[in-house]
Amino acid sequence: MNEIAEVIERKAALLQKGDAEAVLAYYAPSFVEYNLAPPLRQPTTSRQERVAALRAWMGTFAAPPRREVTQLEITTDGDVAFATSLDCLSAVSEGTPFQLWFRVTLGLRRIDGRWLVTHEHESVPFEMDGSFRASTDLTPATEPR
């Protein structure tokens, strides 16, 4: 499980360095991605297109964003694993600093001796009061126990 935790932590560290190619080196050649941005499911594209898209997204910030992985839990069985965490993205967008906590579930497979992400799902809860407003003000400290 340490190998898997290292993969997840290394991806976060490389994001903060702004190294899109190195981040995506931790993903299988074909992976399923459900991230925070529309559409509901990210289209399957080539590695070059994914690198370009990640670079473009990072370019919307004053500096590469920082991603903190917390409450990481990993389950493995042979060459398959899944991991869950609560992550915090910190960045400066259009001169305004922000923090966003969100939920992450990763599916990983050991391929040619390396653990690689094959499925990534990120989400933010939304209010169930009819407003359907994204609950972007939540933090692990504000969660009920």
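M128 counts as exposed because its relative accessibility is 70%, where exposed means over 50% relative accessible area, buried under 20% and partly exposed in between, with a 1.4 Å probe and protein chains only. This is a predicted model, in which local features need pLDDT of at least 70, side-chain atom pairs count only at pLDDT 80 or more, and totals for chains, interfaces and linings use all residues. Residues are numbered from 1 along each chain as its sequence is written, and side-chain values use heavy atoms, without hydrogens and water.

M128 lies in the segment after β5 (114–123); strands are DSSP runs of E of at least two residues, and helices are runs of H or I of at least four, numbered from the N terminus. Together with F126 and F132, M128 makes a nonpolar surface patch of about 400 Å². D137 is also placed in the segment after β5, and D137 is exposed, with a relative accessible area of 53%. Between D137 and D77 there are 60 residues in sequence and 35 Å in space, C-alpha to C-alpha.

The largest pocket holds about 750 Å³ of space. Its lining consists of 31 residues, with E33, N35, L54, W57 and E122 nearest its centre. Elements giving two or more residues to this lining include α1 (2–17), β1 (27–34), β4 (96–111) and β5. The largest share, five residues, comes from α3. By type, the lining divides into 19 nonpolar, four polar and eight charged residues.

How values were computed. Patch = residues over 30% accessible without salt bridge, like charges linked within 9 Å, V, L, I, M, F, W, Y side chains within 5 Å. Areas by Shrake-Rupley, 256 points an atom, 1.4 Å probe, with all protein chains shown as cover. Salt bridge = Lys/Arg side-chain N within 4 Å of Asp/Glu carboxyl O. 1 Å grid on protein atoms, 1.4 Å probe; cavity = no way out; pocket = protein on both sides within 12 Å on 5 of 7 lines; lining within 4 Å. Points joined across faces, edges and corners; volume = space filled by probe spheres on them. Nonpolar A, V, L, I, M, F, W, Y, C, P; charged D, E, K, R; others polar.
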